[in-house]
Amino acid sequence: LKEADHNEIGIIGLNPHNQTPLNIGVSASVTPKNMNSSSNIFQTSLTVTGSRRFEIEDEPELDESGSFYIAEVDIVEDREEMMSEEQESEAKKLSERLPGLVQKWEQLVHDKGMKRELKNIMKSLGPMPKKDLGRRALWVGKLVNPLPSLKICFEIRPAMLSCRNNYERIQLAVISLQSSIDFLSSGQSRI
């Protein structure tokens, strides 16, 4: 990210079907604190938290090394989001369903024998935001798609980044949470 700090990179996902880069992503800062080198001098891993959302403007190009993409991006973090009155009203109604769905999801995860994992997830997330619909939806996204994955919900992070407003985010959060509840109730072990 050229106009950003020199230590900021862009992170994008890959389409699981054809391995092409997605057109959305987040920026993240790379510092010595979040770099983990292994005994193999050619391997380093990063532990980062996404910061600013962006959209890729043109087709990204794979670097000569084949290890990263280069692309022009548009930071969309501060873009004004439009919602109709109907969408705003529906988003609030959907949001009111989340606490009950979360409680049911937690019980099912606990019953599947993932008590320790659930405790760690809840500790890292903190309480669900009460009023901010966008933060509430993102909280649910982190709940059902923690790292490392529990494999009890389909990956929703790229879809969450693609949402154009809080109505779409809350809708995705409710659908994903209900889908995970349905999966956990089905008796299957992993997605």
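## The loop between H3 and H4

Lys151 lies in the loop between H3 and H4, and in this predicted model its phi is near 60°, a positive value in a residue other than glycine. With a relative accessible area of 49%, Lys151 is partly exposed, because the class of exposed residues begins over 50%.

Pro148 also has its place in the loop between H3 and H4. A cis peptide bond joins Leu147 and Pro148, and its omega is about -5°.

## The open sheet

Four strands form an open sheet in the order S1-S2-S5-S8, and their pairing is antiparallel. Strand S1 (8-14) and strand S8 (73-75) stand at the edges and have a single partner strand each, so one side of each is left without a neighbour in the sheet. On average, neighbouring strands of this sheet are turned by 35° against each other, when direction is ignored. In general, the strands of a sheet pair through backbone hydrogen bonds, in either a parallel or an antiparallel manner.

The antiparallel pairing of S1 with strand S2 (residues 21-29) is made by six bridges; among the paired residues, Ile11 has Val26 as its bridge partner in S2, and Leu14 has Pro21. On the S5 side, S2 pairs with strand S5 (residues 53-56) over three bridges, again in the antiparallel sense, and here Phe54 of S5 is the bridge partner of Gly25. S2 is mostly covered, as seven of its nine residues are buried.

## The hairpin of S1 and S2

The hairpin of S1 and S2 has six residues between the strands, and within this hairpin Gln19 takes a positive phi near 60°. Gln19, whose place is in the loop between S1 and S2, has this positive phi although it is not a glycine. At 46% relative accessibility, Gln19 counts as partly exposed, because that class covers the values between the buried limit of 20% and the exposed limit of 50%.

## The largest pocket

About 1600 Å³ of space lies in the largest pocket. Its lining is made up of 43 residues, and those that lie nearest the centre of the pocket are Thr49, Gly50, Leu138, Lys142 and Arg157. Sorted by class, the lining has 19 nonpolar residues, together with 12 polar and 12 charged ones.

Both strands and helices contribute to this lining: at least two residues each are supplied by S1, S2, helix H2 (115-125), helix H3 (133-144), helix H4 (157-162) and helix H5 (166-185).

## Val102 in helix H1

Val102 lies in helix H1 (residues 85-111) and has a relative accessible area of 3%, so Val102 is buried, the limit for that class being under 20%. Leaving aside residues up to four places away in sequence, Val102 touches Met128, Trp139, Leu143 and Leu177.

Val102 and Ile11 are 91 residues apart along the chain, and their C-alpha atoms are separated by 28 Å. Ile11 is the residue whose bridge partner in S2 is Val26, whereas Val102 belongs to helix H1.

Terms used:
Residues numbered from 1 in each chain as written. Predicted model: local features only at pLDDT ≥ 70, side-chain atom pairs only at ≥ 80, totals over all residues. Heavy atoms only, no water. Pairing = 2+ DSSP bridges. Axes fitted to C-alpha atoms, helices over the stretch in contact; angles between N-to-C directions. 1 Å grid on protein atoms, 1.4 Å probe; cavity = no way out; pocket = protein on both sides within 12 Å on 5 of 7 lines; lining within 4 Å. Points joined across faces, edges and corners; volume = space filled by probe spheres on them. Nonpolar A, V, L, I, M, F, W, Y, C, P; charged D, E, K, R; others polar. Buried < 20%, exposed > 50% of the residue type's maximum accessible area, 1.4 Å probe, protein only. Contact = heavy atoms within 4.5 Å.
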